[in-house]
Amino acid sequence: MVKDNKAAKAELREILSQMEEVRSKDKPTEKDVQTLQGLLVRAKALDADIFMNEKGQPVDNGQGIGGELFGSVRASSVTYGVTGAKSIRDVFGKEHRSYGSQDIGSIPEMMALVKQGRDSRLFDVRGAASEGVPSEGGFLTPSQLSDVFYDDIISGSEVMPYAKMYPMKSDTIDVPAFKASDMSSGGAGVAGGVKAYWSGENSTLTPQEAGFRSMKLTANKLTIFSLSSNELKDDSPGFEVALGSVMNAAALHKLESCFINGTGAGQPLGMANAPCTITISGETGQSADTINAMNIKKMYSRLLPGSHKRARWYVSATCLPELLSIGQSIGTAGAFVPWASFGADGVLRMLNCPVIVSEHCAAIGDLGQILLADVSYYGIGLRQELRIDSSNDYAFNSDQKAYRLKARLDAQPLLDKAYTPEKGLSLSPFIKLAAI
């Protein structure tokens, strides 16, 4: 333990400076990740020593005394992702920046200014696109309006608040991640290459090197293109408000679909299509288009350790009649107790995991009709900027106005393959039911 808090805080400041330098790199190497991990360990140790010296007791729940020195480190991990985000500001934290004219107070006002095209506030916004491509045209919405748009999507999503979110300051980021674990006999060990051993006195230790991988997130372009008649636009005072709501709903619908079923080709890679996803087959002799208790038991049993308290069932509405019929008889009277039931909070749960009815899951009997997912193992990279544009020229001959909205993001599972335990079958945070 350090005795001099002044010296300890000075060292902690220096370590935090080094960590920030490493974390600011757009494409960190495996060596950078290992360096960051070592600095993080030392920083936490110093923070604990400072707390002990000043409070006379050990750190409680990881809350050290470093305050402004260590706050950013304590709130982050080696992968600097954010889980439990409820807003775009939660994702970007201190990196969240304001841009564009903050005098533009609403999406309808922004749309009206885009229509005019020569308001000075729009040029302020256009000038803010320092990382964009000028030839693409359009106008960045002011940061406060981008926040409203993204916040509505995040709050309406059944995936984003539970995923690990990454702020993207450029078109691509390389997220440092561990390779999948293999704890079988002769396997690589946890964290992609680390195992613990019992060692005797003076025995030679076995050298090991943790295996990291670099997971690249590329900001794919999500676009919405809409045409409206000039009569409708001019005769409907609330047109811009309605259009903004429709665009928001359309963006959310497409994102939710890709978070589950995305192919990874020019779009996010969905949880159901991940290399680490495990598929559970139906039982021998099971009738088509049915779901039985053993299907559910096997899916639940293949979850990664620690995922049971966070997992969520994503199911097609066509599966509900089967799921609500699964249960068991209790007592001598044989009272039926369903596995799926509503709690006091109004949430439908099965085996204590929330059941989310999603139109993006396959219909009953098809592959992916049910997905059991611990979404904290899903990474989403998000660009803060949102671009919006309009044109009177595109459909001039039909007297229509064109509107275009563009956002950029990417997503994919954080594991490269399923986990192999010391004993038993492979495990994963993503389990789906096969076609039956």
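Biologist: What makes lysine 216 and aspartate 174 a salt bridge?

Modeller: Their side chains meet at 3.1 Å, N to O. A salt bridge needs a side-chain nitrogen of Lys or Arg within 4 Å of a carboxyl oxygen of Asp or Glu, so the pair qualifies. This is a predicted model, where local features need pLDDT of at least 70, side-chain atom pairs count only at pLDDT 80 or more, and totals for chains, interfaces and linings use all residues. Residues are numbered from 1 along each chain as its sequence is written, and side-chain values use heavy atoms, without hydrogens and water.

Biologist: Which parts does the pair of lysine 216 and aspartate 174 tie together?

Modeller: Lysine 216 sits in strand E5 (residues 212–218) and aspartate 174 in strand E4, 42 residues apart in sequence. Strands (E, at least two residues) and helices (H or I, at least four) are DSSP runs, numbered from the N terminus.

Biologist: Why is aspartate 174 called buried?

Modeller: Its relative accessible area is 8%. Buried means under 20%, exposed over 50%, partly exposed in between (1.4 Å probe, protein chains only). Therefore aspartate 174 counts as buried.

Biologist: Why is lysine 216 called partly exposed?

Modeller: Lysine 216 has 39% relative accessibility, so it falls in the partly exposed range.

Biologist: What makes lysine 298 and glutamate 283 a salt bridge?

Modeller: N and O lie 2.9 Å apart, so the pair meets the cut-off. Lysine 298 lies in helix H10 (residues 293–301), and glutamate 283 in the loop between strand E7 (278–280) and H10.

Biologist: Why does glutamate 283 count as partly exposed?

Modeller: Glutamate 283 has 25% relative accessibility, so it belongs in the partly exposed class.
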